Amino acid sequence: MKKILILSPRPNHGGASQVLLNLLHEAKDTHRFYFLFSDRGDAASAFKGYGKLCESPVERFPVLKKILRGPLASLRDVIRYMHTRWTIFKIQPDLLYVNSMAITPSVRAACDASAIPLVLHAHEMDFMVACFQSGARVNKLIRRSSRFISCANAVAAFYEDWYNLPREKSEIIYGPVSNERFLKRKNIIGQQDSCTPDPAAITVGVVAQLSFLKSPDHFIRALSIVKGKAKSKVRFAWLGVLPGNKDLLANLRSLSARLSLENDIRFYPVSGDVFDFYQHIDIFVLPSRAEGFPISILEAMLSEKPVVAMDVGGIREAIDAQTGYLVRDRTPEGLAEGILHLLDNRDKWAGMGENGKKRVMENFEAAVQAPKWLKIIAGAIGRPRAAEVPYGRPVN
């Protein structure tokens with residue numbers, strides 16, 4: 001069995017981690033997997049079932065991590081970089097697999113290990129990359145790679161346009177979502193804490209980590225419009241409040257109060273047990289400012305829910321009039337229009353839900369995408385790392 005070292009950001013319930021877990025679920029026992037994460041996360045235990053976790057000293061010793069902050073942060077990065085180089089030397093992997101375009105010290109170390117084939121898996125695009133990463137670093141990483149996996153055609157087009165990603169390196173792996181794993185992610189909402197306390201109300205729900213990128217402010221402003229125009233009683237729920245969201249949540253509650261929505265919207269903490277939440281909502285909404293190819297939309301479609309989503313990233317490759325409503329103007333007003341459109345066409349919900357689940361099972365399920373993924377990995381193993389010949393314009 002070939003040895004694959006996977007470098008990834010914090011293992012959490014976000015899309016990049018869940019996509020990787022869904023692929024590994026279908027690919028277990030095909031390779032020996034090792035995982036090195038940039039930080040600790042609450043989904044780390046899920047990865048232990050598929051391989052070995054390699055923690056850096058910074059993560060293994062909390063006291064050291066606490067000391068290496070502020071002026072000593074650069075030393076922390078040096079330790080992570082050196083630990084990654086040591087891990088690569090110790091494991092002698094046949095392939096390095098980078099599951100994000102976040103340029104961490106570990107990713108820089110992988111980029112410098114030029115004798116080992118490298119596969120990149122991009123889940124990010126637009127300002128999620130351009131505003132947070134050096135264009136020179138992204139270009140170097142792409143030049144060093146053997147294969148570049150994008151989570152949607154829109155993501156691949158972004159890297160081709162802005163970083164001149166060569167077409168011959170580019171691969172598409174949609175999602176994926178695992179129906180089997182999804183069915184096991186239950187019990188987030190108990191019988192006494194339903195997100196629909198009023199059975200007469202229609203519930204509009206969001207599953208997304210609470211952040212600026214996910215546009216909770218646009219969502220709340222759209223709700224104000226919907227509440228004023230809806231012919232039915234509507235309630236709203238957001239699953240995805242992070243432990244560090246105290247200030248953001250306070251601001252959102254204040255905005256809700258100003259718009260007289262304080263009794264109409266409920267916020268739930270982030271959790272991997274999302275199955276029950278989808279069963280308790282009637283319409284799924286994703287108001288994001290930026291996305292690649294969000295797994296939450298696929299989960300909603302698996303749950304046979306109609307979807308209203310902003311037309312960003314690769315979302316249009318999954319959502320259309322047959323499965324929901326695509327908000328092309330990306331404003332709170334446009335979002336409200338989409339929600340109201342579905343509220344006024346309840347007779348179409350069942351058909352949209354059926355179409356959505358069928359589309360996911362035929363195109364975006366892990367059983368469909370994992371064989372493509374394994375073929376890409378097999379093709380990269382043993383392949384010489386691409387020569388670092390400059391191409392493309394720098395993006396700074």
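1. A residue counts as buried under 20% relative accessible area, as exposed over 50%, and as partly exposed in between. The model is predicted. At 23% relative accessibility, Asp217 therefore falls in the partly exposed class. Arg289, also at 23%, is partly exposed too.

2. Asp217 and Arg289 form a salt bridge, with 2.8 Å between the closest N and O atoms. Asp217 belongs to helix H11 and Arg289 to the loop between E11 and H14, so this pair ties together parts that lie 72 residues apart in sequence. A separate set of salt bridges with shared partners joins Lys227, Arg235 and Asp264 into one network.

3. A salt bridge also joins the side chains of Lys214 and Glu291, at 2.6 Å from N to O. Lys214 sits in the loop between strand E8 (202–207) and helix H11 (216–229), and Glu291 in the loop between strand E11 (283–286) and helix H14 (295–302). The pair links distant parts of the chain, 77 residues apart. Are these two residues buried or exposed? Lys214 is buried, with a relative accessible area of 19%. Glu291 is buried as well, at 7%.

4. The structure holds 15 salt bridges. One of them pairs Asp112 with Lys140, whose closest N and O atoms are 3.6 Å apart. Asp112 is in helix H6 (residues 105–112) and Lys140 in helix H8 (residues 135–144), so the contact ties together parts 28 residues apart in sequence. Asp112 is partly exposed at 28% relative accessibility, and Lys140 is partly exposed at 26%. As background, side chains of opposite charge can pair when their charged atoms come close.

5. Helix H8 also contains Ala136. With 41% relative accessibility, Ala136 is partly exposed. Its C-alpha atom is separated by 9.4 Å from that of Tyr163, which is 27 residues away along the chain.

6. The largest nonpolar core has 124 residues. Which of them touch the most other members? They are Tyr159, Phe219, Leu343 and Trp373. Leaving aside neighbours within four places in sequence, the contacts of Trp373 are Leu20, Leu23, Leu24, Ala27, Phe33, Tyr97, Ile149 and Ile173. In soluble globular proteins, nonpolar side chains tend to be buried together.

7. The largest pocket holds about 1300 Å³ of space. It is lined by 49 residues, of which Asn12, Gly14, Gly15, Ala16 and Gln209 are the closest to its centre. Two or more lining residues come from each of helix H1 (15–27), H6, helix H7 (127–130), strand E9 (234–241) and H14. The most, 5 residues, are given by H1. By class, the lining of this pocket has 22 nonpolar, 20 polar and 7 charged residues.

8. Of its 8 residues, 8 are buried, so H14 is largely enclosed by the rest of the structure. The buried residues in H14 are Ile295, Ser296, Ile297, Leu298, Glu299, Ala300, Met301 and Leu302. Just after H14, Glu304 has a positive phi of about 60°.

9. How many cavities of 30 Å³ or more are there? The count is 2. The largest cavity contains about 60 Å³ of space. Its lining consists of Leu7, Ser8, Pro9, Leu36, Phe37, Ser38, Ser100, Ala102, Thr104, Ser106 and Val107. Strand E1 (3–8), strand E2 (32–37) and H6 each give at least two residues to this lining, which divides into 6 nonpolar, 5 polar and no charged residues.

10. The second largest cavity contains about 40 Å³ of space. It is lined by Leu36, Phe37, Ser38, Ser56, Arg80, His83, Thr84 and Ser106. At least two lining residues each come from E2 and helix H5 (73–91), and the largest share, 3 residues, is from H5. This lining has 2 nonpolar, 5 polar and 1 charged residues.

How values were computed
Residues numbered from 1 in each chain as written. Predicted model: local features only at pLDDT ≥ 70, side-chain atom pairs only at ≥ 80, totals over all residues. Heavy atoms only, no water. Core = buried A, V, L, I, M, F, W, Y, C linked by side-chain atoms within 4.5 Å. Buried < 20%, exposed > 50% of the residue type's maximum accessible area, 1.4 Å probe, protein only. Contact = heavy atoms within 4.5 Å. Salt bridge = Lys/Arg side-chain N within 4 Å of Asp/Glu carboxyl O. Helix = DSSP H or I, 4+ residues; strand = E, 2+ residues; numbered from the N terminus. 1 Å grid on protein atoms, 1.4 Å probe; cavity = no way out; pocket = protein on both sides within 12 Å on 5 of 7 lines; lining within 4 Å. Points joined across faces, edges and corners; volume = space filled by probe spheres on them. Nonpolar A, V, L, I, M, F, W, Y, C, P; charged D, E, K, R; others polar.
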